Every structure is written in C-alpha cells, then in structure tokens.
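Keep the structure open as you read.

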Amino acid sequence: MEKTYLMIKPDGVQRNVMGEIITRFEQKGFQLLAAKFTVLSKEQAEKHYEEHKEKPFFGELIDFITSGPVFAMVWEGDNIIEISRMMIGKTNPADALPGTIRGDFAAHMSLNIIHGSDSNESAAREIENIFNESELVSYEKTLASWI
Ligand code: RTP
Ligand code: MG
C-alpha cells in the first residue's frame with residue numbers, strides 16, 4: 001500500500017477548510033495514518049522543499065510555509081500519490097480545475113492551500129522529516145463492517 005505526505009498549508013488552516021479537505025480524502029477511501037498540527041521549523045521547511053533550493057522563489061516559500069501552523073498528515077491507499085495530486089489540482093490555481101482542492105479554494109500560486117508528495121521518494125523524505133516511525137498508526141476498519 002502506498003503512503004503520501006499531505007500538508008494543509010498556513011493559508012488552508014486560516015481559510016477554515018481543514019475539515020472539508022480531510023473529508024475529501026476520507027470519502028475517497030484513503031486511510032489516515034498520522035496527523036500533527038504544528039509550526040514547521042526553518043530546518044524542516046528547507047528539508048521539505050529541498051528540491052526547490054536553487055529556485056528564485058525559495059526564500060518566499062520558506063517564509064510562507066513557516067508563517068503559521070500547518071496540518072501535516074500521512075495517508076495510505078492504492079495509488080494515493082497520483083490520485084491525491086489529481087484531487088489537489090494543478091500548482092497554479094489558474095490551471096486548477098473546479099472540483100479539485102486548489103480549483104475550489106485557491107486563487108494564488110503561493111497560497112495554494114495544500115501540499116501533496118510527488119513521488120514515493122519524496123513521500124518517504126517528507127514523512128520522515130515530520131514524523132517518527134512510531135507515530136504512524138497501522139489499523140483495520142473492522143468496526144465499520146456492520147454498517
Ligand atoms: P507543493 O510541492 O507545495 O505541493 O506544490 P506542487 O508540487 O504543486 O508544486 P512545486 O513545483 O513542488 O512547487 C512548490 C510550491 O512552490 C510555489 N511555486 N512558486 N513562483 C513560481 O513560479 C512558483 N512555482 C512554484 C508554489 O506555491 C508551489 O506550491
Ligand atoms: Mg511539489
């Protein structure tokens with residue numbers, strides 16, 4: 001089963017859409033393994049976005065992602081990396097289709113609500129940056145079988 005790191009960014013927290021976003025991933029059938037409401041340190045932010053460290057917008061990206069609390073989560077499901085990025089929508093909200101999280105809630109490139117890992121390697125690095133192995137909960141939804 002594939003894992004991904006999803007993180008509601010400071011703008012998503014402040015826009016009061018955390019519950020709505022979590023609902024979408026729950027209803028899609030994915031399983032939450034870990035969650036943490038926290039302010040990223042500069043070191044965590046730089047590690048999270050290390051693939052962008054040579055980009056001109058890197059400084060602004062780090063300032064933004066550390067500017068307030070984020071909701072960091074680990075989710076699991078078949079093909080979750082590709083599917084969750086489809087649910088999130090394109091990076092630039094001008095290209096993000098209605099029905100996607102960015103298409104529905106975002107209007108600016110830098111304020112695009114949520115991050116989703118783009119590969120298995122990124123997911124492993126991003127998860128390890130925020131969570132200890134022991135914080136990932138493994139469980140079966142056995143109690144839902146009678147509903
Ligand atoms: P994210 O990593 O945040 O989930 O977003 P993404 O995969 O859709 O996009 P990525 O290329 O990884 O870019 C990371 C974040 O950097 C900002 N960005 N600004 N000014 C620019 O040209 C530019 N390009 C990217 C965006 O906020 C993007 O989410
Ligand atoms: Mg990215």
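## Questions on the predicted model

Q: Is Ile113 buried or exposed?
A: The phi of Ile113 is near 75°, a positive value in a residue other than glycine. A residue is buried if 20 or more other C-beta atoms lie within 10 Å of its own. Ile113 has 26 C-beta neighbours inside 10 Å, so it counts as buried.

Q: Does Asn79 count as buried or exposed?
A: Asn79 also has a positive phi, about 55°, although it is not a glycine. Its place is the loop between β3 and α5. The cut-off for exposed is 12 or fewer neighbours. With 10 C-beta neighbours inside 10 Å, Asn79 counts as exposed.

Q: Why do the buried residues of α7 line one face of the helix?
A: The buried residues of helix α7 (residues 120–130) are Ala123, Glu126, Ile127 and Ile130. Seen down the axis of α7, they fall within an arc, and so they line one face; that arc is 100°.

Q: Which exposed residues does the face of α7 turned away from its buried side carry?
A: The buried side of α7 is covered by elements that include β1 (2–8), β2 (31–38), α3 (42–48), β3 (70–77) and α5 (80–88). The face turned away from that side carries exposed residues: Glu121 and Glu128.

Q: How many residues of the shell around ligand 1 are charged?
A: The residues surrounding ligand 1 are His52, Phe57, Leu61, Thr91, Met109, Ser110, Asn112, His115, Gly116 and Asp118. Three of the shell are nonpolar and six are polar. The charged count is one.

Q: In what order do the elements of the protein run from the N terminus on?
A: The protein has seven helices and four strands. From the N terminus on, the order is β-α-α-β-α-α-β-α-α-β-α.

Q: What radius of gyration does the protein have?
A: The C-alpha atoms fill a box of roughly 55 × 35 × 25 Å along the principal axes. With 147 residues, a compact globule would have a radius of gyration near 15 Å. The protein agrees with that, at 15 Å.

Q: What share of contacts between residues at least 6 apart in sequence join residues at least 24 apart?
A: Of the 147 residues, 31% count as buried. Among contacts between residues at least 6 apart in sequence, the share joining residues at least 24 apart is 72%.

Definitions and conventions: Residues are numbered from 1 along each chain as its sequence is written. Chains are lettered from A and ligands numbered from 1 in the order in which they are written. This is a predicted model: local features need pLDDT of at least 70, side-chain atom pairs count only at pLDDT 80 or more; totals for chains, interfaces and linings use all residues. Helices (H or I, at least four residues) and strands (E, at least two) are DSSP runs, numbered from the N terminus. The arc is that of the directions from the helix axis to the C-beta atoms. Two residues are in contact if their C-beta atoms, placed from the backbone, lie within 7 Å. A residue is near a molecule or strand if its C-beta atom, placed from the backbone, lies within 6 Å of it. Ala, Val, Leu, Ile, Met, Phe, Trp, Tyr, Cys and Pro count as nonpolar, Asp, Glu, Lys and Arg as charged, and the others, Gly among them, as polar. The radius of gyration is taken over C-alpha atoms; the globule rule is 2.2 Å times the number of residues to the power 0.38.
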